[in-house]
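Please go through this structure with me.

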Amino acid sequence: MSADALPPIEHLPPVQIVQEVDYDPERGMFREPTSNAPRRSSTLDVIVIYPGFSRTAATKLDLLPQEPLPIASSSVDIPAQLASIKRMTGLGWEDIASIVGCSRQTVHNWTLGGKASASHRDRVSSLYSAVVYIDRGDVDENRRLLTSAFDGQTAISMLQNAEYDRVKQAVGRGTPRNDATWGVVESNETSKHWYDTLVESPDALEGDFAPLPTKARKRLVLKKA
Amino acid sequence: MQPGSSSTEPEWLPALRLWRQGDLTTDIRQTVVVSGIENGDLVPEGEEAVGLVVVSQTCDVVNWGADKEWVAVAPLVELPDNLLPYVLSGSTPNWTPVENSPSQSVVANIGHLMTIHKSVLARSARTPGFNDEQGQARFADAISRKYGRFAFPDDFSNFVLEPLKRRIRGAHPKDSDQGRVYRSISECRVVASPGWNSDEVSVGFRFILHPQERLETSRDKIASVVAEHLNKIDWPTGFRPEEPAFMLQTLAEMTAEEWVQSHPIDWQFISFGR
């Protein structure tokens, strides 16, 4: 069961807290408080993360899949997807982390090759897919769309709720970006714009110069060290 | 060696530490060139100059110690009047103006460098080359352009960049559509695949756009004008445009990898830089 299938927490019946455990979001595993040995949960549990974790973790339900959490070996290039999301949207890492549902540090670790849990991989890929879908080819326009409200809710808010299809429907499909896949290859602002300097430069006079005057030279005596 | 208190520091060191990149002297009116080799020895000749200007970076000038005894200088030369407009517009790689040179027609020939001992510089009468940091920065930029610009293959420069440059300059008023298009582009870069030395080179242009607030026209207008100009290029043998031939990107949209793989086009040096 995915977290999307659950009703909001306030609509859930009271639950019995069987055991408080620490959750390691980067490793996608839980740690028993009496032991530092991590273990994977193989049962369907609803975990309420207590204070001591990030506010995000404390207010969201983290629902475990029935099967053990897989090691996040990935056929999906998370750093590349994140870079593309960042490049296409202009969103900072803080915003992206908020959308994906983790801390900024976690996202940063992913860009350094750190492993992401399956659920986080899904969220990044889904976010990437949604961004590519709505991409207008213009980072400022993309950002404007993401921060615009649709039926009283911003697209970013929808993404934070993992409502990717709703975002696509609301924002609409953009023009496919013509990304070049060219073969592998073996700012400073001046006071005047290069174009203005170019158009104001005199026309080239190749071959039209008078020869430069020859400078006088005289033989010197080489003093050896 | 630390400045200040050492008794082994030469007595001219305080005078040396006044010198900056771009400063000049007219005390020395000669540069040394090597015109040949005789019996295994260099044949040195002294060539007339109006003076010398310091090319080494200031930090390299003022530091003293082992292997820090020498400074690079360039001759000040007098140019004929018909060359001066090109020098002043920054179109000549070898010559660059020095604000406080003896006259406007006396410029630095940064294509000819000489090394002198720092004691020689320290004992020469110093004239500040520039009156402000902007002037000094322009001089430093001229040096880096001269020695750091990428040397595109001649055929590419002659048959692709030169015609493109002419079209960009064109006969258009500053407030024309074309002017707005190209003023919206902060830099033009090219990528060669698989590499410039290949027999068949695919070339792609990357036009780096200013941020949104500095764009003078729309992206599709920019793309339209650029495409029109690139489509008129008669590509020489061995070169062809990539597919797509160009991309429009802001710096925020460009990856570092894309930046590193590309080379900037110095439009002003296209004619003179060969």
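The questions below take the labels in turn, and the model they refer to is predicted.

Q: Why is A162(A) called buried?
A: Buried means under 20% relative accessible area. A162(A) has 18%, so A162(A) is buried.

Q: What makes the phi of A162(A) worth a note?
A: Phi of A162(A) is near 65°, a positive value in a residue other than glycine. Most residues other than glycine have a negative phi. A162(A) sits in the loop between α7 (155-160) and α8 (164-171) of chain A.

Q: Why does N39(B) count as exposed?
A: The cut-off for exposed is over 50%. N39(B) has 82% relative accessibility, so N39(B) counts as exposed. N39(B) is not a glycine, yet its phi is positive, about 55°. Its place is the loop between β2 (30-38) and β3 (41-48) of chain B.

Q: Why does A15(B) count as partly exposed?
A: The limits for this label are 20% and 50%. A15(B) has 31% relative accessibility, so A15(B) falls in between. A15(B) belongs to helix α1 (residues 13-16) of chain B.

Q: How do you know that the buried residues of α8(A) are on the same side?
A: The buried residues are Y164(A), V167(A), K168(A) and V171(A). They cover an arc of only 100° around the axis, which means that they share one side of α8(A). On the other side, D165(A) and Q169(A) are exposed.

Q: What covers the buried residues of α8(A), and what follows α8(A)?
A: The cover includes α5 (118-134), α6 (139-147), β6 (149-150) and α7 of chain A. G172(A) follows α8(A), with a positive phi near 90°.

Q: What makes F156(B), F205(B) and W267(B) stand out in the largest nonpolar core?
A: They touch the most other members of this core, which has 34 residues. The elements that give two or more residues to this core are α9 (194-200) of chain A and, from chain B, α6 (154-169), α7 (177-183), β9 (185-193), β10 (201-209), α8 (219-231) and β11 (239-250).

Q: Which residues does F156(B) touch, not counting those up to four places away in sequence?
A: F156(B) touches L161(B), V190(B), W196(B), V203(B), F205(B), W235(B) and F239(B). A touch requires heavy atoms within 4.5 Å.

Q: Which residues are included in the second, separate core?
A: Among its 30 residues are A116(A), V124(A), F150(A) and M158(A).

Q: How do you know that the peptide bond between S193(B) and P194(B) is of note?
A: This bond is cis, with omega about -5°. Most peptide bonds are trans. P194(B) lies in the loop between β9 and β10 of chain B.

Technical notes
Residues numbered from 1 in each chain as written. Chains lettered and ligands numbered in written order. Predicted model: local features only at pLDDT ≥ 70, side-chain atom pairs only at ≥ 80, totals over all residues. Heavy atoms only, no water. Core = buried A, V, L, I, M, F, W, Y, C linked by side-chain atoms within 4.5 Å. Buried < 20%, exposed > 50% of the residue type's maximum accessible area, 1.4 Å probe, protein only. Helix = DSSP H or I, 4+ residues; strand = E, 2+ residues; numbered from the N terminus. Arc of directions from axis to C-beta.
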